[in-house]
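Please look at the sequence and the fold shown here before reading on. The report then takes up two topics in turn.

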Amino acid sequence: SKRCGGLGLSVASAILDLSVNTVLPIWLKDLCMFGSLKNESNLFAQRNCDSGVANPSALVRLLMSHHKYGDACDVVTAILSSQASSSSPSSRLPEKGSIDYVPYDLIDSLWQIIEVITSNSASKSDETQKKIQKILQSRTCMERSLAKHFEGLKISEDGLRSARTLSNNA
């Protein structure tokens, strides 16, 4: 079936249930994030594609539920980075159908969980400290991607105001 709406996420969930140290294959993460077509982007919005339904928000939730916070940050970074490289922010106007969905509340929850983990990490083992450092590195990359995303939003908003001003004066 071409519409296997959550099959990728079901497979990802089953793989993550196998072991605490299990890592999702790159192809499966890409399938859950982008579907089969990487050139169509609505950021975190669920979208139908030939291989089923891509749902990056659900993938982030799944990774968080399995305590894979660094991987969840990496998904956010990949989605936001794909948007940054796919089109100029000034050409992404709502009037042209360029509406993106970003689950800021989910990203904020991820951020807060990492804050709690790092605030309680002083007396942890060296192995745990290394895992925390890796999570923090992933969060730093996510933070940079979010900053670029917000810069793009500002440019889009400025472009939108400019386009509306021009259309009102015409």
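What follows describes a pair of helices and then a pocket.

The model is predicted, so that local features need pLDDT of at least 70 and side-chain atom pairs count only at pLDDT 80 or more, while totals for chains, interfaces and linings use all residues. Residues are numbered from 1 along each chain as its sequence is written, and side-chain values use heavy atoms, with hydrogens and water left out.

**Two helices**

Helix 1 (residues 7–18) and helix 3 (residues 56–65) have axes that come within 11 Å and cross at roughly 15°; helices here are DSSP runs of H or I with at least four residues, numbered from the N terminus, and axes are lines fitted to C-alpha atoms over the stretch in contact, with angles running from 0 to 180 degrees between N-to-C directions. The two helices are therefore roughly parallel to each other, a term for angles under 35 degrees. Contact (heavy atoms within 4.5 Å) is made by the residues below.

| Helix | Residues in the contact |
|---|---|
| Helix 1 | Leu 9, Ala 12, Ser 13, Leu 16 |
| Helix 3 | Ala 58, Leu 59, Leu 62, Leu 63 |

These residues divide into seven nonpolar, one polar and no charged, where Ala, Val, Leu, Ile, Met, Phe, Trp, Tyr, Cys and Pro count as nonpolar, Asp, Glu, Lys and Arg as charged, and the others, Gly among them, as polar.

**The lining of the largest pocket**

Helix 4 (69–86) and helix 6 (126–169) each supply at least two residues of the lining of the largest pocket, and helix 6 gives the most, with six residues. By class, this lining has six nonpolar, eight polar and six charged residues.

Notes:
Parallel < 35°, antiparallel > 145°, perpendicular 65-115°, else oblique.
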